[in-house]
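Have the model open while you read.

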Amino acid sequence: MPKKSKGANKDDKMRENKSKSVSVKSQKHKPAEKELKPVEEKEVISLKEEELLQESGTDSDYDADSLSGSLNSDDFDSDIFDSEDDDSQRETKDGESSEDSHEGSEDNEDDDESEQIDSDNGEEDGSDEGSEQGEAVEESDSSEDEVAPRNTVGDVPLVWYKDEKHIGYDITGKKITKKEKRDKLDSFLATMDDSKNWRKIYDDYNDEEVELTKEESKIIRRMLKGEAPHADFDPYAPYVDWFKWDDAIHPLSSAPEPKRRFIPSKWEAKMVVKYVRAIRKGWIKFDKPEEEPNVYLLWGDDSASDQKNKHLTYIPPPKLKLPGHDESYNPSLEYIPTEEEKASYELMYEEDRPKFIPKRFTSLRSIPAYENALRESFERCLDLYLCPRVRKKRINIDPESLKPKLPSRKDLRPYPNSCYLEYKGHTGPVTSISTDSSGQWIASGSTDGSVRIWEVETGRCLKIWQFVEAIKCVSWNPLSSLPIIAAAMGRDLVILNTELGSDEEQEIIKERLHLGNLPESDASVAAIVSWLPDELYGGIKIRHFKNVSYIHWNRKGDYISTVMASGETRGVVTHQLSKKLTRRLKFKIRGLPVCTLFHPSRSYFFIATRKDVRVFNLLETDEPIKKLETGLKEISSMAIHPSGDHLIVGSKEGKLCWFDTDLSSKPYKTLKNHPKDITNVAFHRSYPLFASCSEDSTAYVFHGMVYNDLNQNPLIVPLEILRGHSNGGVLDCKFHPRQPWLFTAGADSIIKLYCH
């Protein structure tokens, strides 16, 4: 209690000193009062306290580990804000007691106020110190709206300047160097010496300390306490009664609701019972709703817009043809028929006879009544009644938009497009060609009875076998370790040794081509096929009972199938080279066979007749597992995709069918490109290419991409038309096994190689 009374006496003395000093200074500097802005007493006191604190303490540089880096609610809730004279709670540097420090702070405040008023009044005298203090009153360094930022690098992360000696550039373009950071001990001592340290905030962007004014600190304190930032705001404003009581006509009553409003009326209940009895006994009858007539104008009316909306789509009635010159009452003489013309009308059919014959009248009074008026009005109504009321919408479609959007041919490269090499030597049309598995050699057969082996890259003819009959088909064994060729001529199938490969491979080939003791075969097989040694070239000759038209090796190179077009049910047989054995197919062939294929990975066997393609399983059933309906007049050739799920079939009418065997038994796509018969079709082993050749002396190359996704259809794009053979057509075409090259065999006895 004595301390409080003593402090109160000190406050009274301080206020008296303030009033005296203000009066003295105001008398000395009266002319300066007009130019200076009025400064409140509290602002003067606060500014003076800040100057005294700056003189008494030393500013410490910012350290990241110092305690003045952020504002906390604990700082603003301290005893500093409880009263303006709470500086007595801090410990002084000389160790004085709390009471002495409180008295010293009061004395300093009195001196500060007097010095502040002197400095404000001294601005008119031209002192620099007074002008600087006046600017400090009007502006604050911590206000972003009044003072532009010193750093001009923009809103960029300061981490970019972590390893640099500067943090940005000022408005003149000079580097703003970083301040040297003190250690923790120096920073702590400087913080303890500075009494204003709790109001300082470090600005990372400009690398400087910003000191908050007392007004700003008061705003922050109020915001931390959940109060309005400005002290002028009154949260408990007086209530404004918006209701105009003077203009009210009826008084507002607070009387309770009467009981009759909550009890059902007995009189209304009696009336309801009375009406119910009258309705049941038929005394009260209700009028039935009138049905709207479902009648409307058939052709509508241009003025009746509601008819257009309620009923069918409005269609205007067809207009009558306007009368011409011949229907005039006084037409020209050339429109009036003669007697001969009238007689000819009688000989015509009634539907062809003109319905109106023009006549000429001198005046309107002499025109008789139209005799066909009733009949024509009836026919008119009949036409309107029987006219089909259908609105046909015409769709204006650009024909170019209906074309499928195909990729550019440049994106589908490589593919063969130009002739690179020609293989000449045959004297007759080249009927068949076949490439070996390595792609180094190609075999060809011709109607001149010769079988030749060519080197692909140079065009050199390596070897020639000459036979008496014309060569129908040649096929190279697919195994690289077994370089042998099968050639079909007449009724014979000859297996030839190419003498290529190593010595070990030649020994294996000689063992394969040596007949030795042949196993006994069935009587039905012996009537079809007989195995004989080839004395001319040292190979094997398999003689059939009919002419052989097509041969095909399986993927393992041990089985070969032969097709005899006129053999009917016995027209397809398979030969096993390792066992020198021939087998008939267990299933019955319906139709004349054209060609056969082995599946590239499964035990499936494809047989193409003239009308359709049947797929058989050689291990399980005797009946076909699938029948592909081509819809073609006559099949000429067939090729299977390396995946085994897609098949292309060529016909003698110039059509090519693409089958997806997993999708349907009908063609996925049918292409009509060649004007003449297709002689052969082929798939590439690795590239998404397939080709067809025809008797029109051309070969078509297509891009056929098969996707692994079963939901995506194959992409078929026509790429190139290869020309170069003379009359007679292209009889066969084969792809190179590794390169995107195409070989074509022409009737002009030339083999051409097309490259990209």
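In which loop is E499 found? E499 sits in the loop between β12 (492-497) and α14 (503-513); helices (H or I, at least four residues) and strands (E, at least two) are DSSP runs, numbered from the N terminus. This is a predicted model, where local features need pLDDT of at least 70, side-chain atom pairs count only at pLDDT 80 or more, and totals for chains, interfaces and linings use all residues. Residues are numbered from 1 along each chain as its sequence is written, and side-chain values use heavy atoms, with hydrogens and water left out.

Most residues other than glycine have a negative phi, and most peptide bonds are trans. E499 isn't a glycine, yet has a positive phi of about 60°. K580 is another non-glycine with a positive phi, about 55°, and is found in the loop between β17 (572-576) and β18 (581-584). Buried or exposed? E499 is exposed, at 55% relative accessible area, while K580 is buried, at 9%. The cut-offs are under 20% relative accessible area for buried and over 50% for exposed, with partly exposed in between (1.4 Å probe, protein chains only).

## A cis bond

Look next at R413 and P414: a cis peptide bond joins them, with omega about 5°. P414 lies in the loop between α13 (399-402) and β5 (418-424).

## A negative patch

D503, E504, E507 and E511 form a negative surface patch. Patch residues have over 30% relative accessible area and no salt bridge, and like charges are joined within 9 Å (nonpolar side chains, Val, Leu, Ile, Met, Phe, Trp and Tyr, within 5 Å). A salt bridge here is a side-chain nitrogen of Lys or Arg within 4 Å of a carboxyl oxygen of Asp or Glu.

## The core, and a buried strand residue

The largest nonpolar core has 22 residues, and I484, L493, I540, I542 and I551 have the most contacts inside it. Such a core is a set of buried Ala, Val, Leu, Ile, Met, Phe, Trp, Tyr and Cys residues joined through side-chain atoms within 4.5 Å. Two or more residues come from each of β11 (484-489), β12, α14, β13 (529-533), β14 (540-544) and β15 (550-553). The biggest contributor to this core is β11, with three residues.

I442 counts as buried at 1% relative accessibility. I442 and W476 are 34 residues apart in sequence and 8.4 Å apart in space, C-alpha to C-alpha.

Notes
Accessible areas come from the Shrake-Rupley method with a 1.4 Å probe; for residues, only the protein chains shown count as cover. Lys and Arg count as positive and Asp and Glu as negative; His and the chain ends are not counted. The place of a charge is taken as NZ of Lys, CZ of Arg, CG of Asp or CD of Glu.
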